[in-house]
Amino acid sequence: MSNNSNVNIVEREVFSRILPWIKEKEIIALNGPRQSGKTTLLNKIKEMLPRNETVYISFENNQSLASFSASPKEFISAYLHKNNKVYFLFDEFQYVKNGGKILKELYDTFPQAKFIITGSASLAIREIASALVGRVIYLNLYPFSFGESLLLQEEPLYHYWKKNNSFFRNYLENGFIDYLPKLIFNSELTKSFELYLTYGGYPRVNTIDPLLKQETLTNLLETYVEKDIIKYLRIGDFLQFQNFVKSLAAINGGLLNYSSMSKELGVAYRQVRQYLSQLENTFVIKLINSYATNKTTEIKKTPKAYFLDIGLRNSLINDFRPIDLRQDKGNLVECFVFQQLYFRRRLENNFRYEIKYWRTKQGAEVDFVIEFQDELIPLEVKYQESPNTNLTRSFNNFLNKYKQKKAVVITKNLLTIKKHQDIWVLFFPAHLL
């Protein structure tokens, strides 16, 4: 199937959540990592609005930042004409000092002004949002999901994927489903899936010549270091931070023992926690906690960390080999499953869930536990050629303990649903997730 280099054709999944708020008075705060497409999305919003009623400002431009910061009210007043509504699109708003306080004052002073802001640091935008309680809608934009990357390649493949992906959601909501689709386009989907596992979902990486993808990821890392680590977070010992991030990439998805990491890396315990927080707040990783009800038998407080882009993680460990040649293939697929679940977990108002993992002190483990509508849905990643439908002992342990009605096994190429005791277990290919 063909590849289209025009990233503008991809309608981002979060866009449908933004649209209903465009005409409302609330501030829209769009957050996400650098180069995830926030500026492109902001320009798409700009194209929808009346040209003479729209103002776009990037605060990475020092002159714009200085002019706005000198007198925010006068700055806004200069663009207002009579009582006409004016849309202010503020890119990289985290650079505005005391941005939350300023935005609150502007919101209260100018009812005819509509503000849409973006930011590349979660903590900064959350601090802004905390000053705007009742005045702001907070949304995240991540790198392309696998579905979005397929849309970039060719629409028929994407539409096939989207139709079949809906079966996963239907199962989470309703349990047993009486019809499963036929698997077609397997070779095309597998090729795209393995490419995604190698280079990830950043828009620029998905649109550039294959020979330049590795270099583009390297440049993206350097931009992250320059803009977020040095300029915004102001981390002093950069080499220590860099070694920490590379070590984290090597254990992607593993249990995080802060004391062991502190000892092995020569980093103070408090610094380990701070680095993790900074990486999470700049959308490099996401920490997930365990699900536990019994403190004596289940691990309760040890988190796991997953990178939010597989390509970025591969760049850190400098490994872009074909998936079938890699010893960490299972880890890559597990990370992919987490990403796809995480990217979509709040895209629709009635489809919200939390993602955790489960592990006992004896070593029994389930990769993910989805908390959805007062249910626990265990999910295991079993990426093998034509796996059988037997469940692992750990999976059975969880099912026997929590007596749930749904369970999912993510496979390489098996799509079926099987009865296990009183549970209909869905076996679902990773490339349809």
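The model is predicted.

**Aromatic pairs**

The ring-pair count comes to 36. A pair of aromatic rings is described by the distance of the centres and the angle of the planes. Phe 88 and Phe 115 are stacked, at 5.5 Å centre to centre with 25 degrees between the planes. The cut-off for stacking is under 30 degrees. Phe 88 belongs to strand S3 (residues 86-91) and Phe 115 to strand S4 (residues 113-119), so this pair ties together parts 27 residues apart in sequence. Phe 88 is buried, at 0% relative accessibility. Phe 115 is buried as well, at 0% relative accessibility.

Tyr 306 and Phe 368 make a tilted pair, because their planes stand at 45 degrees, with the ring centres 5.6 Å apart. Tyr 306 sits in strand S7 (residues 304-307) and Phe 368 in strand S9 (residues 365-372), so the pair links parts that are 62 residues apart in sequence. Tyr 306 has a relative accessible area of 0% and is buried. Phe 368 is buried too, with a relative accessible area of 0%.

Phe 88 and Phe 115 also belong to one aromatic cluster.

**Sheet and helix**

Where does S9 fall in the strand order of the open sheet? The order is S8-S9-S10-S11-S13-S12, which puts S9 between S8 and S10. The sheet has six strands and mixed pairing. Its edge strands are S8 (354-359) and S12 (416-420), and each pairs on one side only. From one strand to the next, the twist averages 30 degrees.

S9 and strand S10 (residues 375-381) run antiparallel, joined by five bridges. Glu 371 has Leu 376 of S10 as its bridge partner.

Helix H17 (residues 393-402) packs on this sheet. H17 touches S8, S9, S10, strand S11 (406-411), S12 and strand S13 (423-429). The direction of H17 makes about 175 degrees with that of S10.

Key. Residues numbered from 1 in each chain as written. Predicted model: local features only at pLDDT ≥ 70, side-chain atom pairs only at ≥ 80, totals over all residues. Heavy atoms only, no water. Phe/Tyr/Trp six-rings, centres within 6.5 Å; stacked < 30°, edge-to-face > 60°. Helix = DSSP H or I, 4+ residues; strand = E, 2+ residues; numbered from the N terminus. Buried < 20%, exposed > 50% of the residue type's maximum accessible area, 1.4 Å probe, protein only. Pairing = 2+ DSSP bridges. Axes fitted to C-alpha atoms, helices over the stretch in contact; angles between N-to-C directions. Contact = heavy atoms within 4.5 Å.
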